[in-house]
Amino acid sequence: MSSFFRTIGWGLFCTSSWTWCIGMWLPVLLINRWGWPGFWAFAIPNVLGCAAMGYVVGSRERSEQLVERHRGAMRWFSLFTIGFQLFWITAMLGDLGWLMGGGSETLMLMVVPGVVLVLAGCIALLPSTAWLVLATLLMLQVAGTFEAVGTHFMKQIGASGTRSPDELWGLLPLLCIGFLLSPYLDLTFHRARRETPSTHAFAVFGLAFLSVLCFVTSYYKIDPPAPFGLIVAFWFFQVVFTVGAHLRELLATSKPGPERWGSTPWLLAISLLPVALVWITWWLGGHRAEEWLLENTYLRFLAFYGLAVPAWVLAFMGPRRPAMRTGRSMMILAAAIIVSMPLAEIGMIHSTTWWLLGAVVVICATALLLPRPATSPRSTS
């Protein structure tokens with residue numbers, strides 16, 4: 001495969017590995033609350049932040065250094081991402097099963113996570129070239145589904161939604177630090193940075209991912225029947241790809257060492273806990289509880305990417321000299337994350353989004369004010 005096509009392929013690989021349940025569902029929630037401004041507040045920092053990662057890291061060697069020094073944090077990023085995808089697809093398709101009736105929700109809840117894991121485990125063993133082919137096929141699926149769904153629902157999106165436009169400014173800093181910094185702990189992005197022949201693969205990603213997000217707006221109000229089935233297929237195969245990509249990286253970074261932060265089997269076992277949460281909530285409360293679970297608990301997952309991940313990146317990966325990773329600094333950072341979580345809960349779910357500003361300030365101030373060594377050679381960051 002020529003360098004040109006490999007560059008395109010790795011750009012599309014990043015597009016599919018980053019098309020999570022965040023990109024496939026959060027824009028819908030933000031459009032409901034703020035209309036088009038909510039979508040662009042999500043899309044712009046997301047696309048620019050992720051595309052910039054490939055250029056900021058700079059070289060294959062730099063990516064290898066970062067993975068070696070932050071392997072544990074990156075592995076837990078993958079663990080959390082796998083768990084989040086399994087949680088969301090199980091809850092969504094369980095909800096779809098309820099709409100279908102006839103006990104279909106129980107079948108969906110029991111079967112879906114297992115099928116996703118089996119398929120993801122199979123593709124995790126594939127060579128890099130096969131991954132590039134799969135990513136290209138998924139982009140063709142997006143294009144075909146976009147054509148089938150059309151722009152009817154996009155045209156119904158207005159300039160405002162159910163929430164005050166001013167509240168979007170309370171959310172924006174959280175979106176920015178989350179999307180600008182999360183890619184640096186994403187092992188699939190580091191994989192692409194090391195294997196692509198050109199950094200411009202990340203520019204390809206930016207254009208392709210923006211087109212995927214625009215497609216997501218096309219099903220903003222769509223309901224069963226067809227073409228809803230095409231949307232479900234899009235969700236399912238993208239989740240399989242993302243889970244498989246992160247499972248592949250967990251296996252690739254599984255060698256014993258002080259920075260591993262747990263064996264791969266244990267991490268995978270932990271990643272299944274969100275599925276159990278869906279099952280318990282469903283059996284205790286039925287469809288009404290499922291509706292609560294889908295939105296509120298989904299939003300709670302986002303605090304990891306909007307607060308915990310940025311805290312680590314700002315403290316130990318830049319932009320200033322990395323902080324000293326001592327037990328004391330780790331405890332201070334953990335305390336800041338714990339303090340910020342209730343603020344995020346209030347701002348995202350229970351009250352005005354202005355509470356989120358407090359969470360962002362706590363995280364950024366703590367991470368940037370941790371003690372730094374007097375000198376910090378580039379090789380130690």
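## Helices that cross

An axis here is a line fitted to C-alpha atoms, for helices over the stretch in contact, and angles run from 0 to 180 degrees between N-to-C directions. With that in hand, let's tour this structure, which is a predicted model. Two packed helices are described by the angle between their axes and the distance between the axes.

## H1 meets H7

Start with helix H1 (residues 3-18) and helix H7 (residues 128-149): their axes come within 8 Å and cross at roughly 65°. That angle makes H1 roughly perpendicular to H7, because angles from 65 to 115 degrees count that way. As for handedness, H1 passes H7 in a left-handed crossing.

Which residues of H1 and H7 meet? From H1 come Arg6, Gly9, Trp10, Leu12, Phe13, Thr15 and Ser16, and from H7 come Ser128, Trp131, Leu132, Ala135, Thr136, Leu138 and Met139. Sorted by class, the contact of H1 with H7 has 8 nonpolar, 5 polar and 1 charged residues.

## H9 and its two partners

Next up is helix H9 (residues 187-195), which packs with helix H4 (residues 60-69) at an angle of about 150°, the axes being 8 Å apart. So H4 is roughly antiparallel to H9, since the cut-off for that label is over 145 degrees. The crossing of H4 and H9 is left-handed. On the H4 side, the contact is made by Arg60, Ser63, Glu64, Leu66 and Val67, while H9 brings Leu187, His190, Arg193, Arg194 and Glu195. By class, this contact of H4 with H9 has 3 nonpolar, 2 polar and 5 charged residues.

H9 also packs with helix H11 (residues 228-252), at an angle of about 75° and with the axes 9 Å apart. This makes H9 roughly perpendicular to H11. Here Leu187, Thr188, Arg191 and Arg194 of H9 touch Ala245, His246, Arg248, Glu249 and Ala252 of H11. The class count for H9 with H11 is 3 nonpolar, 2 polar and 4 charged residues. Look back and you'll spot Leu187 and Arg194 in the contact with H4 as well as in the one with H11.

Now for helix H10 (residues 201-217), where you'll find Phe215. Is Phe215 buried or exposed? Phe215 has a relative accessible area of 0%, so it counts as buried, the limit being under 20%. Leaving aside its neighbours within four places in sequence, Phe215 is in contact with Val142, Thr145, Phe146, Ile231 and Phe234. Val361 is another story: 146 residues along the chain from Phe215, its C-alpha atom is 33 Å from that of Phe215.

What does Phe209 touch, not counting residues up to four places away in sequence? The list is Thr15, Trp18, Thr19, Asn46 and Val47. Phe209 and Gly11 are 198 residues apart in sequence, yet 9.2 Å apart in space, C-alpha to C-alpha.

## The nonpolar core

Finally, the largest nonpolar core has 125 residues, and the ones touching the most other members are Phe13, Ile22, Trp88, Tyr219, Trp235 and Tyr298. Helix H13 (residues 273-316) gives the most to this core, with 20 residues.

Let's zoom in on Tyr219. Not counting residues up to four places away in sequence, Tyr219 touches Met24, Val28, Ile231, Phe234 and Trp235.

Conventions: Residues numbered from 1 in each chain as written. Predicted model: local features only at pLDDT ≥ 70, side-chain atom pairs only at ≥ 80, totals over all residues. Heavy atoms only, no water. Helix = DSSP H or I, 4+ residues; strand = E, 2+ residues; numbered from the N terminus. Parallel < 35°, antiparallel > 145°, perpendicular 65-115°, else oblique. Left-handed = near helix turned anticlockwise from the far one by under 90°. Contact = heavy atoms within 4.5 Å. Nonpolar A, V, L, I, M, F, W, Y, C, P; charged D, E, K, R; others polar. Core = buried A, V, L, I, M, F, W, Y, C linked by side-chain atoms within 4.5 Å. Buried < 20%, exposed > 50% of the residue type's maximum accessible area, 1.4 Å probe, protein only.
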